[in-house]
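Q: Please take a close look at one part of this model and describe it residue by residue. Give the cut-offs behind each term as you go.

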Amino acid sequence: MLINTEILGEIEYDEEDVFEFSEGLYGFKNYTRFIIIDMNEPELPFYWLQSLDDGHLSFVLTNPFLFHHDYDFLLPESVTESLSIDSLDNLLIYSLVVVKEELEQSTINLKAPLVINSKTHQGKQV
């Protein structure tokens, strides 16, 4: 399958690459289907979260534990149940990056991480 994106141009993906956020993301409730694209920059631990509902909508993601080794948050049992998380091995955690014009002013949203079950490809922002 193909999607034409504003930033990365035409991207080819398979249906098994799709992550479903049934409730959308905060501020973007109508956008539920995304793919995660590796930026292929080994020295930069960032990814694109590309909407499949709108080629103009994408976000920068990172693994928050790379920047905050003591990062911790409470994952409500309702989330583990709704995402059918039965093993930590299937758990992916990402944070949205707010990129500023002056890069050193950029921030990572640690208050609302993305939690994804890599087995079922279901995700939720909590």
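A: Phe73 has a relative accessibility of 24% and therefore counts as partly exposed (buried is under 20% relative accessible area, exposed over 50%, partly exposed in between, with a 1.4 Å probe and protein chains only). The model is predicted, so local features need pLDDT of at least 70 and side-chain atom pairs count only at pLDDT 80 or more, while totals for chains, interfaces and linings use all residues. Residues are numbered from 1 along each chain as its sequence is written, and side-chain values use heavy atoms, with hydrogens and water left out.

Rings of Phe, Tyr and Trp (its six-membered ring) pair if their centres lie within 6.5 Å; planes under 30 degrees apart are stacked, over 60 edge-to-face, and the rest tilted. The count by this rule is seven aromatic pairs. One of them joins Phe73 to Tyr71, a tilted pair with 5.6 Å from centre to centre and 40° between the planes. Tyr71, at 10% relative accessibility, is buried. Ring pairs also link Phe28, Tyr31 and Phe59 into a cluster.

Thr32 sits in the loop between strand 3 (19-20) and strand 4 (33-38) (strands are DSSP runs of E, at least two residues, numbered from the N terminus). Thr32 has a relative accessible area of 16%, so it is buried. Leaving aside neighbours within four places in sequence, its contacts (heavy atoms within 4.5 Å) are Phe19, Glu20, Phe21, Ser22, Gly24 and Asp53.

Pro42, in the loop between strand 4 and strand 5 (46-51), is exposed at 79% relative accessible area. Pro42 and Phe65 are 23 residues apart in sequence and 17 Å apart in space, C-alpha to C-alpha.

Technical notes:
Helix = DSSP H or I, 4+ residues; strand = E, 2+ residues; numbered from the N terminus.
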